[in-house]
Amino acid sequence: MGTGIEMISDLISRTGDLRRAFRDQKFSPDSIKTDINRYSMKETANMVGRSHQAIRDAEKTGRIPAPELGENGRRKGFTLKQINQMRDVFGTRPSRDKDEEPVIIAVQNFKGGVAKSTISTHLAEYISRSGYRVLLVDCDSQASSTGTFGYVPDDDIKEEDTLLPFFRDEEETLHYAIRTTYWDGLDLIPANLHLYSAEYELASDVSSETFSTLRDGIATVADDYDVVIIDPPPALGMISLNVIYAANALVIPMPPSMYDFASTISFLTMLQETMSVLERAVGTIDYKFVKLVLSRYDENKSAQEELVKLIEGEFGNAVLGAKLRESAEIVTASYNQRTVYELEPTSSSKVRKRCLNILDSVNSEIELLIRESWPSHAKKLRDEGIL
Ligand SMILES: Nc1ncnc2c1ncn2[C@@H]1O[C@H](COP(=O)(O)OP(=O)(O)OP(=O)(O)O)[C@@H](O)[C@H]1O
Ligand SMILES: [Mg+2]
């Protein structure tokens with residue numbers, strides 16, 4: 001027995017220990033999460049856009065470092081960091097032109113559990129693996145994206161490490177909050193539970209700036225990135241309003257179930273109403289693209305299949321062609337606080353391959369939309385017959 005607050009405090013004090021125990025079970029204490037991927041010569045040549053021979057020649061002449069060898073004397077494979085160094089040496093690292101805008105994507109739906117964070121983290125890794133400079137902004141106080149990158153949000157991340165100081169006007173730019181990750185080319189602005197305070201702090205003194213704070217903050221760092229991905233909270237609050245105004249593209253995950261469909265319709269209606277209010281307060285909102293993504297799709301459920309057909313018929317190309325199917329690999333990855341791109345290949349490599357194909361098709365479609373929005377890339381894509 002105790003007061004309500006005491007009883008809840010007791011529960012909270014237990015969660016800290018649990019979270020730490022969970023982290024220590026996944027990652028040995030004090031260990032730092034790293035990118036374990038090594039890419040073969042074939043994959044590397046593809047990613048760098050140069051032949052095996054050109055890479056070997058560059059190694060011989062010292063333009064790029066000599067290959068790392070394993071104990072057996074064979075090449076260990078290249079890390080993403082080494083691949084990006086090669087791209088820099090060969091001049092093949094892709095980017096937007098300096099005078100083109102970075103694409104700022106909000107993976108938004110006010111509904112919880114629709115795969116916003118799953119899509120945000122996998123998209124961020126996929127796009128940066130292509131060589132683009134990516135910033136992932138965790139705007140959710142539940143901090144799932146932050147957790148994926150190896151942090152225990154309320155232990156490793158303090159409130160001054162999140163967006164909060166910028167929301168409070170204590171910082172002039174967002175540089176203080178940016179941290180590099182083990183995934184080369186991908187930076188993160190982390191979140192923790194305290195970020196929730198921004199909801200009522202922003203609401204306590206509403207002016208037009210209240211809605212444009214995140215947009216202004218991202219503008220202070222956007223020069224350094226090609227793509228910014230925002231993982232928002234599952235609610236229509238002050239932070240989500242900021243996300244809607246900060247973004248210049250929307251990806252809306254929607255599981256094909258009747259409940260989720262109904263709530264996505266109300267999300268779209270609320271979004272439209274919210275945007276009219278925002279436009280009156282702060283100005284026009286232009287999006288480079290708005291795409292629905294069918295997420296958590298289970299093709300074994302015939303009711304879902306029917307709904308998917310209806311949705312695709314009605315929404316046409318406003319729905320991404322690729323669907324993020326329900327996959328055991330995503331469940332395993334999430335249990336291990338990793339992405340599927342970070343899982344070590346297991347014996348069930350067929351399941352894994354299938355899941356990687358699904359993720360790659362979703363992400364490559366979004367990558368194409370991003371590139372289409374940059375005139376310099378759109379021209380290249382047309383020349384290559386892709387557009
Ligand atoms: N395609 C999938 N297959 C299997 N599990 C999935 C899939 N997509 C998402 N999940 C799981 O569903 C849960 C919710 O996903 P996620 O956290 O990405 O949703 P969210 O929209 O960010 O949720 P929230 O609103 O709480 O922020 C997670 O446990 C995730 O691992
Ligand atoms: Mg989430």
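1. Both faces of strand β1 are covered: V103, I105 and V107 lie on one side, I104 and A106 on the other, and all are buried. Here a residue is buried if 20 or more other C-beta atoms lie within 10 Å of its own, exposed if 12 or fewer, and partly exposed in between, with C-beta atoms placed from the backbone. Strand β1 covers residues 103-107, and five of its five residues are buried. In a regular strand the side chains alternate between the two faces of the sheet. Strands (E, at least two residues) and helices (H or I, at least four) are DSSP runs, numbered from the N terminus.

2. The model is a predicted one, in which local features need pLDDT of at least 70, side-chain atom pairs count only at pLDDT 80 or more, and totals for chains, interfaces and linings use all residues. Residues are numbered from 1 along each chain as its sequence is written, while chains are lettered from A and ligands numbered from 1 in the order in which they are written.

3. Strand β1 has parallel pairings with β5 (residues 227-231), over four bridges, and with β6, over three bridges. Two strands pair if DSSP finds at least two bridges between them.

4. Strand β2 (residues 134-138) runs parallel to β4 (residues 186-189), and four bridges join them; L135 has D187 in β4 as its bridge partner. Strands β6 and β7 are also parallel, with five bridges, and V251 has K291 in β7 as its bridge partner. Six of the eight residues of β7 are buried.

5. Helix α12 (residues 258-282) has 25 residues, which should span 36 Å at 1.5 Å a residue; its end C-alpha atoms are 35 Å apart, which agrees. The expected span is 1.5 Å times one less than the number of residues. The buried residues of α12 are D260, T264, F267, L271 and L278. An α-helix has 3.6 residues a turn, so residues three or four places apart point the same way. The buried residues of α12 pack against α10 (208-219), α11 (238-246) and β6 (249-254). The helix is followed by G283, whose phi is positive, near 125°.

6. Is helix α5 mostly covered or mostly exposed? It is mostly covered, with 14 of its 14 residues buried. From first C-alpha to last, α5 reaches 20 Å, close to the 20 Å expected. G131, which follows α5, has a positive phi near 110°.

7. Which residues are closest to ligand 1? They are K116, S117, T118, P234 and S334, within a shell of 20 residues. A residue is near a molecule if its C-beta atom, placed from the backbone, lies within 6 Å of it. The elements that give two or more residues to this shell are α5 (116-129), β7 (290-297), β8 (324-325) and α14 (328-335). By class, the shell has six nonpolar, nine polar and five charged residues. Ala, Val, Leu, Ile, Met, Phe, Trp, Tyr, Cys and Pro count as nonpolar, Asp, Glu, Lys and Arg as charged, and the others, Gly among them, as polar.

8. Two residues deserve a check of their backbone angles. Most residues other than glycine have a negative phi. D169, however, is not a glycine and has a positive phi of about 70°; D169 lies in the loop between α8 (164-167) and β3. D169 counts as exposed because it has 9 C-beta neighbours inside 10 Å. R296, likewise not a glycine, has a positive phi of about 55° and is found in strand β7. R296 is buried, with 21 other C-beta atoms within 10 Å.

9. The domain assignment gives domain 1 (41-90) and domain 2 (103-383); such bounds come from an automatic or database assignment. The domain centres, taken over C-alpha atoms, are separated by 32 Å. Four residues of domain 1 are in contact with five of domain 2, where contact requires C-beta atoms, placed from the backbone, to lie within 7 Å. The side of domain 1 that touches domain 2 has one nonpolar, one polar and two charged residues.

Conventions. Contact = placed C-beta atoms within 7 Å.
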